[in-house]
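I opened the notebook for a friendly look through one model. Here is what I looked up, entry by entry.

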Amino acid sequence: DLAIQASGAITVPIYPSLTAATAQRIVRDCGAELAIVSGQELVQHLASGGEPRRIVRMDREVAEWTQTEVEGGLLDAVSTRAAALKGSDVATVIYTSGTTGEPKGAVIPHESMVAMAEASRAAFELRPDDVLLSFLPYSHVFERVSGIFVPISAGASIWISRGGDHLVDDIAAVRPTLMMGVPRVFEKVVDAVQQEVSQQRLARRVIARWVLRRRIGHQLVDRLVVPTLRRRLTGGRLRFFISGGAPLTADVEDFFWRLGVPIYQGWGLTETTSAVSANRPGARRAGTVGTPLPGVEVKVADDGELLVRGPGVMRGYYRNPDATADVFADGWFRTGDIGTIDADGYITITDRKKDLIKTAGGKFIAPQPLEARLQRYRYIAAAMLVGDQRPYVAALILPAWGPLTRDQHLKGTPEQLVEDERVRSLIKDGIDALNRELASFETIKRFRLVSREFTEANGELTPSLKIKRRVLQQRYQRLIDEMYRAPRSPEAATAAERQRPQGGGS
């Protein structure tokens, strides 16, 4: 990436997990001349589409290039090109995940990358002695800017993890001072700790659960349990975690702070060259995504949408003037996120504008926070709320088959278990618990269980693991329709549905 930019060329990162059809659409749209890939499978991904003109393999051609070939005048040529670059020249075109349609390429110049890296470095006070463990994909703007350019601008060290499956071991080996991740990674950490606790001897299990559920403060617990958990999670010298890419639930955020592990939530988009705002040392407000980074302005439009102006805002979508015009208003970028800004400048994100559910009764419901809360229930792996232009809110639920089968000793395939009354009853308990905390118009009145995990390979998740609502609604249309026409029954209705008035009820 750095070499391509130094040579004056333009990098277009592509997630290796994308389908061949999507990868080929991106290649055709940007007019790529050269692709650099690793492995024959990804070569086939691109070659089957007839473009680009040349494909180079990391594990073959690149690995075989010798230092002599590189030094044979090429370094002087690159230096000449780099010296001629202007800040306004395009550095990269990054295609968005496309939750609502085809991916669009955000055009980002060099000066945006530099400005936002400097803003983040200053906000988080990175130092030359910092050690960052990098494990998110570099095709994601968050890791690419914050995981490469920010530490480089600070003179810090970057260690590259072998991936999520090795993360715990890599943390122990590297002992990083800071790490960045998406909420799902931190949720998995919490789940893993809770699972480990459940398998410990009774006395230790009781103490550890006390830690997980209550505020730290008991002297014995602080001395015996907290240091061990903290060391396992951080490697022993971590200054803080940074979470971005999606909302972090309050209970996960609170979990880390209870253990004395600072975690700072931020917010940004591909189109803003990563971060717009962030909580940071000395400036944190729980439940928010912090205040704008230096040089960035944020305001709330009349309809609640957050608008951004600043050096990181993209130039536009590549070869897509209509889409570009749709997201700019009087020089402000329309983020598509709904939120509020308090008197001290702290920003709270409530939902995506296009995801808001408007019931037939005219009430607006933000589904993402409710889905995130459902997914914190032990027996729910994933959830999607529906109800736009419908009389009430309903949910598609993917049960967490591992905990269900372990805890309840259930036998059978997922396809069989979705019909099991015990499974339905346990899921209903979780939904009812959430409903007790909601306004009546927000409550989930009915649900249906699905057996199969939502995956990126099936086109149901974006590469950053956000659900594609339109795709899921089409694939599960029959189940969704059933929830709005089926008679009341224990497996179909929650307590909130059974309490609805008969006759003229909404």
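Which residues make a nonpolar surface patch of about 370 Å²? I found L2, I152, I158 and I160 in it. Before going on, I noted that this is a predicted model, where local features need pLDDT of at least 70, side-chain atom pairs count only at pLDDT 80 or more, and totals for chains, interfaces and linings use all residues. Residues are numbered from 1 along each chain as its sequence is written, and side-chain values use heavy atoms, with hydrogens and water left out.

Next I looked up I152, which lies in helix 8 (residues 141-154). Helices are DSSP runs of H or I with at least four residues, strands are runs of E with at least two, and both are numbered from the N terminus. I152 is partly exposed because its relative accessibility is 45%; buried means under 20% relative accessible area, exposed over 50%, and partly exposed in between (1.4 Å probe, protein chains only).

Two strands pair if DSSP finds at least two bridges between them; strand 10 (residues 274-278) pairs with strand 11 in the antiparallel sense over two bridges. I also saw A278 opposite T291 in strand 11.

My last entry is T359, in the loop between strand 18 (357-358) and strand 19 (364-365). Is T359 buried or exposed? T359 is buried, at a relative accessible area of 7%.

Note on methods:
Patch = residues over 30% accessible without salt bridge, like charges linked within 9 Å, V, L, I, M, F, W, Y side chains within 5 Å. Areas by Shrake-Rupley, 256 points an atom, 1.4 Å probe, with all protein chains shown as cover. Salt bridge = Lys/Arg side-chain N within 4 Å of Asp/Glu carboxyl O.
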